[in-house]
Protein chains: 2
Amino acid sequence: MGGDDAPHMVIEGVRLALIRHPGTRFLLFGDEALIAPLVQAHPDVAAACEIRHCSDVVGMDAKPSQALRQGKESSMALALKAVKDGEAQAAISAGNTGALMALAKFTLRMFPGIERPAIAAIWPTMKGESIVLDVGANVDVSAKMLMDFAIMGEAFCRAVLGIDRPKVGVLNVGAEELKGTAAVREADEGLRGAPLDLDYIGFVEGNDISQGHADVVVTDGFNGNIALKTAEGTARLIAHYLNSAFRRSFFAKLGALFAYGAFRMLRARIDPRSVNGGTFLGLNGVVVKSHGGTDGTGYASALDLAIDMAESNFAQEIAAAVEKLKTAVSDTAPQNAAPATAEKAVS
Amino acid sequence: MGGDDAPHMVIEGVRLALIRHPGTRFLLFGDEALIAPLVQAHPDVAAACEIRHCSDVVGMDAKPSQALRQGKESSMALALKAVKDGEAQAAISAGNTGALMALAKFTLRMFPGIERPAIAAIWPTMKGESIVLDVGANVDVSAKMLMDFAIMGEAFCRAVLGIDRPKVGVLNVGAEELKGTAAVREADEGLRGAPLDLDYIGFVEGNDISQGHADVVVTDGFNGNIALKTAEGTARLIAHYLNSAFRRSFFAKLGALFAYGAFRMLRARIDPRSVNGGTFLGLNGVVVKSHGGTDGTGYASALDLAIDMAESNFAQEIAAAVEKLKTAVSDTAPQNAAPATAEKAVS
């Protein structure tokens, strides 16, 4: 029921995802009167779906605390409960992010050994795609949380991007170990020292994200969210420049006409719908958040992501890494506790 | 002497800046044997310049502490001393950022009432240009520092962008007052409450920067630096997409040929050289940092910026605002000291 164009775009997303993943079964939580006619319009969709009627929905502007108190019978809460009960292998929503995070934490609980969930985003790069996390779940983080994010992001990268041995970097203002906040410097030290089987490459800077220097970029939810939205804003600004440049003269218009195919390809590559879906990592179950403003194509990307996750060994890999880290952290705790001083100026 | 192509690009920058600002006088600090022949090649440049020979330079990888201990006779230190002594109205360098900041703080001292300097960047937007600060001077900030940045950024925006009444926003992960770190929420409250003559519009998000919703975007140096570099990386990624899209087919190539002028215009607009120059605000004097990798065109932009600053009433305006804030902060200190709790999930 969540998102600007629901439930229409959800059903359209299911239809597209079914073409790519035949055999998938869908439980649709929401207002049956609205959903049933849309489902019945496509026999293949109708055959793969089961509608679970819910009379309640979580509003787009409900506070997380409100959703927790009043949203127990909402479509969002019941979809999460289906994951908890083992009826479903993943929950997908285009609704209220804060409410989804709060209900998911409450319903599914944290993965053992992980302190806090993170939202992972798939970021287009020169080399293909990278994972950036956290892009919005935590505004304040400790070094331990950043190390957890590194472990989860690496396993996630293998599961959804199929990269065998992802390179992991920590986002910082400079590549030198002396720069940055205490948390990032301590996490850097921890990731270098811990006996994790990670290809840790050290610090990466903001401009390195799009270059694809790291397959997994670790950061806190404040920075990650601002970086993600800044990149979206920049893409929109350049699209705007592009439009006005190609409308300026007769020859430019003619050129744009000849280059129509190139423009279409360009638009597809900078289209945020093709990488739609932030995944909540760190929970006991797969939860994918789709952009609220997306359409069927974007929603299908979020479904693809959830299906890839559900079919992977993600949870077992995280469990193994958490175990290794636990041993390492109890071994090295006195060392890591030493405070480091911050260097102030960055280039 | 600083920057990849110095001193050549510096002299070329001077030549270009002189066309736009005739009558400006330049003191060139550095190796006379290298500089003199370049200056003498252009009679108009030679007439406007005085060379101050320095045998020492600050290396690009010198630590700030090293520059402070050993760089007293360097071209960088002596250029800053000329500003302190009133011989020059602004210092411009394409050298080591950390060393420049450390030497500038040591030589010029902080502006009375301002705790820490900030680096301000000029950011292209849908509406023209905005100021973003801090983009790299401080990794940890207090609410008071963010308020100082708002005051300085607003005066800077009037001085260099000529906007009469700039809109000021604080960068956050959501537009709601409940979200974000304690420092940004406290700064937001302070800016709403203080009797400053500021057009404060509240929180802005990462995607709002390029839209130009605020003329001045206030943030800490960690976030600001990551946002700035992420935007640069995104622009480079899209330029790469553009290139490959227009080389894909015969028609696309033909289109690109017809649209050559449009491409040139587009490139000029996303060219980081045209907005080259981060200004160090909060010091007793004007110091502009040019990108190390820039050329004469970029260096001329940094010179333009320095000249605009030196000719403005910037310092007097800051002094007046600091005075107002001082009264306000001592009035409201007990209220601002109340800690606020953080809401964790962001959309």
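Predicted model: local features only at pLDDT ≥ 70, side-chain atom pairs only at ≥ 80, totals over all residues.
## Two copies and an axis

As for handedness, H10(A) and H10(B) cross in the right-handed sense.

Which residues of H10(A) meet H10(B)? From chain A come Phe222(A), Asn223(A), Ile226(A), Ala227(A), Thr230(A), Ala231(A), Thr234(A), Ala235(A), Ile238(A) and Leu242(A). Among those they meet on the other helix are Phe222(B), Ile226(B), Thr230(B) and Leu242(B). Sorted by class, the contact of H10(A) with H10(B) has 14 nonpolar and six polar residues, and no charged ones.

## The sheet in chain B

Now for the strands of chain B. Eight of them form an open sheet, and the order is S3-S10-S9-S4-S5-S8-S6-S7, with mixed pairing. Strand S3 (90-93) and strand S7 (199-204) of chain B stand at the edges with a single partner strand each, so one side of each has no neighbour in the sheet. On average, neighbouring strands of this sheet are turned by 25° against each other, direction ignored.

You can walk through some of the pairings. S9(B) (residues 278-281) and S10(B) (residues 286-289) run antiparallel and are joined by three bridges, with Gly278(B) standing opposite Lys289(B) in S10(B). Helix H6 (residues 97-108) of chain B packs on the sheet, where it touches S3, S4 (118-125), S9 and S10 of chain B. The direction of H6 makes about 175° with that of S10(B).

S4(B) and S5(B) (residues 128-133) also run antiparallel, this time with six bridges. A hairpin of two residues links S4(B) to S5(B), and Ala121(B) has Val132(B) in S5(B) as its bridge partner. S5(B) pairs with S8(B) (residues 216-218) too, but in the parallel sense, over three bridges. There, Leu133(B) has Val218(B) in S8(B) as its bridge partner.

## The sheet in chain A

Chain A has an open sheet of eight strands in the order S3-S10-S9-S4-S5-S8-S6-S7, again with mixed pairing. Its edges are strand S3 (90-93) and strand S7 (199-204) of chain A; each has a single partner strand, so one side of each is left without a neighbour in the sheet. From one strand to the next, the twist averages 25°.

How many bridges pair S6(A) with S7(A)? There are five, and S6(A) (residues 167-171) pairs with S7(A) in the parallel sense. Gly169(A) is the residue opposite Gly202(A) in S7(A).

## H1 against H13 in chain B

Another helix pair is found within chain B: H1 (residues 8-20) and H13 (residues 296-311) pack at an angle of about 55°, with their axes 7 Å apart. H1(B) is therefore oblique to H13(B), and H1(B) passes H13(B) in a right-handed crossing.

On the H1(B) side, the residues in contact include Met9(B), Val10(B), Leu16(B) and Arg20(B). On the H13(B) side, they include Tyr299(B), Ala300(B), Leu303(B) and Asp304(B). By class, the contact of H1(B) with H13(B) has eight nonpolar, four polar and three charged residues.

## Backbone details to look up

Two cis peptide bonds are worth a look. One joins Ala6(B) and Pro7(B), with omega about 0°, and Pro7(B) is in the segment before H1 of chain B. Another runs from Leu133(B) to Asp134(B), with omega near 0°; Asp134(B) is in the loop between S5 and helix H7 (143-161) of chain B.

Then there is Arg109, which is not a glycine but has a positive phi, near 70°, in chain A and near 70° in chain B. Arg109(A) lies in the loop between H6 and S4 of chain A, and Arg109(B) lies in the loop between H6 and S4 of chain B.

Terms used: Residues numbered from 1 in each chain as written. Chains lettered and ligands numbered in written order. Heavy atoms only, no water. Axes fitted to C-alpha atoms, helices over the stretch in contact; angles between N-to-C directions. Helix = DSSP H or I, 4+ residues; strand = E, 2+ residues; numbered from the N terminus. Parallel < 35°, antiparallel > 145°, perpendicular 65-115°, else oblique. Left-handed = near helix turned anticlockwise from the far one by under 90°. Contact = heavy atoms within 4.5 Å. Nonpolar A, V, L, I, M, F, W, Y, C, P; charged D, E, K, R; others polar. Pairing = 2+ DSSP bridges.
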